Amino acid sequence: MKKIFAGMFFRLFKGFELYVLIVAIMLSSAYVITRQIDEDGFVCISRTDDTFNIEYEDKEIVITRDNIEQYKFASLKVSDYDAYRCYIDKLPDDVYSTLDGTAALWQHEMTLFIQLIGSVHYMPAILIVLFIPFFFGRLFSDGTVKNLIASGHSKRRIYFASLLFTLVIDTLMIILSLGVLAVFCAYYNWRPPVYLPVILSYILIEILVVFNVSAICIAALFISKKKVAAIIVGFVVAAFMFIPLMEFLFAVVFEDAYDVDTDSPEFQKYITIQQEEGSNALQQRFIMSDFDVVYTYQGEDFSLVRNQKMPVGQKTFYFTQIYMDPYLVPHLQQFGIYPYMMYRDGPIAVNAANCLAWTTLITIAGYAVFKKREIA
């Protein structure tokens, strides 16, 4: 496998695909990041004459390039860890007062940064769908696979070397995309909240999502030996990144069950605690088995949603569909689940596990069919 792998890298550096891929990923990532930052309208103020208006304590604050630094997270002198778990875990009173009692837009910055990190996989996934058929397709069109087999290399080695090679390319593209994001942060003099355990776990999901698309594309190519078939299958799979099936499922099945019951004693208790003691008196946990955020107050748990009466078997069936979504974390963000809760309470671990499971199943199926195919 080592010789096959080395040969692929030699072919990569000798050909034009690598350089086209590098230019494409950097330009496309820059475009996606620019769109998101411009639409947000806060970070880019430091480089423009635009303004950003917010309401704070019944007053309108106008943020410009001259005063934006005092409203950024970096000006608060609070740790990234505390920022990520604010309103989720109990913080020291002075830290909570700093985060809660200020017009600084630290939550806005954190949300934007997570959004930028969470969209890093978009362009690599699309580009790998084009790269795999054109790069690996030549293994079949110019007879390289046949020659490798004649030289004593097994189909297993060829298939898994190709898969491992795409993982390296996927990781390279993610790193380049993150590098482009870092350049933008430096350009706008922006130091957002970066709690590494959360950010690194998000980056892992980005890599696994792209690798999942790659595995499907590799399987389609090695089974069909047709570039067009691999491109079609790859783009169909990549399209599901933008189709929130989980939201559709909730709209149909869970919408009523997950409405907040404003007449319940639990909701009244929540309002009372907020008014008398503030959010720092409450802790939050995401319970994956119920797909619900549970609040804890003085050791007692309570929920704000309506009681579910769905049969256990039906509930298990629907939840299995939700948690086997390879795009679970990107889609779950639409439900207002905090990044820290994604990391601490299991969704990121589940997403990583199901990405690996799908990739393994697809790889086994793809190799099993390829092994039986005759190489003309």
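Modeller: A quick definition to start: helices here are DSSP runs of at least four residues, numbered from the N terminus. In this predicted model, threonine 262 sits in the loop between helix H11 (245–254) and helix H12 (265–276).

Colleague: Thanks! Why is threonine 262 called partly exposed?

Modeller: Buried means under 20% relative accessible area and exposed means over 50%. Threonine 262 has 42% relative accessibility, so threonine 262 counts as partly exposed.

Colleague: And what is threonine 262 in contact with, leaving aside neighbours within four places in sequence?

Modeller: Phe267 and Gln268. Valine 305 is 43 residues away in sequence, with 8.7 Å between its C-alpha and that of threonine 262.

Colleague: Let's turn to asparagine 351, in helix H16 (residues 347–372). How do you know whether asparagine 351 is buried or exposed?

Modeller: The cut-off for buried is under 20%. Asparagine 351 has 0% relative accessibility and therefore counts as buried.

Colleague: What makes the pairing of the asparagine 351 side chain with the backbone nitrogen of valine 329 a polar contact?

Modeller: The limit is 3.5 Å between N or O atoms, and that nitrogen lies 2.8 Å from a polar atom of the side chain.

Colleague: One last item, helix H6 (residues 122–141). Where does H6 bend?

Modeller: At phenylalanine 131, by about 25°, with proline 133 following within four residues. H6 still reaches 29 Å from its first C-alpha to its last, close to the 28 Å expected.

Colleague: What makes H6 "mostly covered"?

Modeller: Of its 20 residues, 14 are buried.

Key: Residues are numbered from 1 along each chain as its sequence is written. This is a predicted model: local features need pLDDT of at least 70, side-chain atom pairs count only at pLDDT 80 or more; totals for chains, interfaces and linings use all residues. Side-chain values use heavy atoms; hydrogens and water are left out. Helices (H or I, at least four residues) and strands (E, at least two) are DSSP runs, numbered from the N terminus. The expected span of a helix is 1.5 Å times one less than its number of residues. The bend at a residue is the angle between axes fitted to the seven residues ending there and the seven starting there. Buried means under 20% relative accessible area, exposed over 50%, partly exposed in between (1.4 Å probe, protein chains only). A polar contact is a pair of N or O atoms within 3.5 Å; within protein, one must be able to donate a hydrogen and the other to accept it, and residues adjacent in sequence count only if both atoms are side-chain atoms. Contact means heavy atoms within 4.5 Å.
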